[in-house]
Every structure is written in C-alpha cells, then in structure tokens.
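Here's a quick tour for anyone meeting this protein for the first time. Have a look at the model below, then read on.

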Amino acid sequence: MLAGLVANMRKWGGGVLPSPVLAATVAATSALIVFGAFTGVTGRWRKIQLNRRSTLYLLLSGLLTSATDVLDLVALNSGRISVVVPLLATTPLFVIVLSRIFLKGIEHITLHLVLGAITIICGVEFILLSA
C-alpha cells in the first residue's frame, strides 16, 4: 500500500516541482532524514562500518539510485501512472540477471525465481497490450 501511495505522491509532486532532478533531490533528502532517524532510534548506527571498498560501492549505488529516481520521475510525468508504475516494477527482472553476474556464488537463482520473472514479463505484456 505504501508503494502505491509513493507512486501517486511522486506523480503529484512531479507536477508541483519544476524539475525531476529537484524532485529526486527532495526525495533523497527525505530518505536520508528517515534513515538517520531510524538508525538513531534503533541504535543501529553503531553497526555501520565504512571502509574504502564499501564506501566506493555505496557511492556508486547512490549515484545509480539518484539517476534511477530522476528517470522514474520523468517517466511518471510523461505517462499514465497506471502504465508507468507496472513497467517500473520490472526491476526484479534486472536484479535477477545482474545478481547472477555480480553476485555469483552469493545469490542463487532458483526455478521459482525464474518462474516469478516469467510471470512479471507476462504481466507487463498484458499492461502494454491494454495501454
């Protein structure tokens, strides 16, 4: 339910703010505040350990996440939310493929994962046919 609310808020917010980059910046700042509050309240900030390698991966992840947020907002502002959001929900397909490449030996691709990915593809096709 929260994901549905977020998509609608992003679509509405995209109409209020003049730029997807500005909208993504507001979203990232909000996420940082929530993350800080969560780690502070739960005491998990003590478990955060950064070294050179983890910091590099986190920075690259942050850059890619920011680019994704901007492109998601562009898509939401350019199309119907009922079509764009299901297409954005194809992310697990890419996660499965890329985890096979980058996380070989850590993540295991099972038959259930492959069947789930096929189900996602079929769902996207139905949405595209109805659009």
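Let's start with aspartate 72, which is buried at a relative accessible area of 17%, since buried means under 20%, with exposed being over 50% and partly exposed in between (1.4 Å probe, protein chains only). Keep in mind that this is a predicted model, where local features need pLDDT of at least 70, side-chain atom pairs count only at pLDDT 80 or more, and totals for chains, interfaces and linings use all residues. Residues are numbered from 1 along each chain as its sequence is written, and side-chain values use heavy atoms, leaving out hydrogens and water.

**Around aspartate 72**
- You'll find aspartate 72 in helix 3, which covers residues 52-78.
- Leaving aside residues up to four places away in sequence, aspartate 72 touches Arg10 and Leu88; contact here means heavy atoms within 4.5 Å.

**The overall build**
- The protein chain has six helices and zero strands, and from the N terminus on its elements run α-α-α-α-α-α.
- Helices (H or I, at least four residues) and strands (E, at least two) are DSSP runs, numbered from the N terminus.
- Taken along the principal axes, the C-alpha atoms fill a box of roughly 50 × 45 × 25 Å.
- Of the 131 residues in the protein chain, 15% count as buried.
- Among contacts in the protein chain with a separation of 6 or more, 67% come from residues 24 or more positions apart.

**Surface and charge**
- The protein chain exposes about 10100 Å², and carbon and sulfur atoms supply 73% of that area (Shrake-Rupley method with a 1.4 Å probe; for residues, only the protein chains shown count as cover).
- The 10 positive and 4 negative charges have mean positions 12 Å apart.
- For that count, Lys and Arg are positive and Asp and Glu negative, while His and the chain ends are not counted; each charge is placed at NZ of Lys, CZ of Arg, CG of Asp or CD of Glu.

**Leucine 103**
- Leucine 103 sits in the loop between helix 5 (91-102) and helix 6 (111-130).
- With 34% relative accessibility, leucine 103 counts as partly exposed.

**Isoleucine 118**
- Helix 6 is the place of isoleucine 118, and this residue is partly exposed, with a relative accessible area of 45%.
- Isoleucine 118 and leucine 93 are 25 residues apart in sequence, and their C-alpha atoms are 8.7 Å apart in space.
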